[in-house]
Amino acid sequence: MITAIVLIDCATDSIPEVAETIANLPGVSEVYSVAGNVDLIAMVRVRQYEEIAEVIAGRISKVPGVVDTDTHIAFRAYSQHDLEEAFSIGLPDTD
């Protein structure tokens, strides 16, 4: 699975509508309304690299109210579970 994190600037008066529309697009797993330099962050999960352009340039960027996007491709995912295993020396938990 290929994950892309898409930072989205949108028209201020349409953030909820844009978020809802993007959340319903094929290939988009989540959309977050955030504070900071961008309005929304979308998580795109696809099986092939070619699908990234289709989802982002072909769908997200064409949603009315989307002004700009900035895409980051994830190379590797780290979770709390993964980190615990990486630093474990093989001793059983005493809990």
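Student: Where is confidence lowest and where is it highest in the protein?
Tutor: This is a predicted model, and pLDDT is the predictor's confidence in each residue, from 0 to 100. Helix α3 (residues 80–87) has the lowest confidence, with a mean of 60. Helix α1 has the highest, at 98. For the protein, the mean pLDDT is 90, and 83% of residues reach 70 or more.

Student: What makes β2 and β3 a pair?
Tutor: Two strands count as paired if at least two bridges are found between them. Five bridges join β2 to β3 (residues 40–46). That meets the cut-off, so they pair. They run antiparallel. One of the contacts to look at is S33, whose bridge partner in β3 is L40.

Student: How do you know that β1 pairs with β3 and with β4?
Tutor: The cut-off is again at least two bridges. Seven bridges join β1 to β3. Seven bridges also link β1 and β4. Both pairings are antiparallel. Look at V6, which stands opposite A42 in β3. Then look at L7, whose bridge partner in β4 is D70.

Student: What is the order of strands in the sheet?
Tutor: The sheet is open and has four strands, in the order β2-β3-β1-β4.

Student: Which residues of α1 are called buried, and why?
Tutor: Buried means under 20% relative accessible area. I15, V18, A19 and I22 are the buried residues of α1.

Student: Why do the buried residues of α1 line one face of the helix?
Tutor: Seen down the axis of α1, they fall within an arc of 100°, so they share one face. An α-helix has 3.6 residues a turn, so residues three or four places apart point the same way.

Student: What covers the buried residues of α1?
Tutor: The cover includes β1, β2, β3 and β4. Helix α1 (residues 15–23) lies across these four strands, running at about 165° to β2.

Student: What makes P16 and E20 exposed?
Tutor: Exposed means over 50% relative accessible area. P16 and E20 are exposed, on the other side of α1.

Student: Which strands does helix α2 lie across?
Tutor: Helix α2 (residues 49–56) lies across β1, β2, β3 and β4. Its direction is at about 145° to β3.

Notes. Residues numbered from 1 in each chain as written. Predicted model: local features only at pLDDT ≥ 70, side-chain atom pairs only at ≥ 80, totals over all residues. Heavy atoms only, no water. Helix = DSSP H or I, 4+ residues; strand = E, 2+ residues; numbered from the N terminus. Contact = heavy atoms within 4.5 Å. Axes fitted to C-alpha atoms, helices over the stretch in contact; angles between N-to-C directions. Buried < 20%, exposed > 50% of the residue type's maximum accessible area, 1.4 Å probe, protein only. Arc of directions from axis to C-beta.
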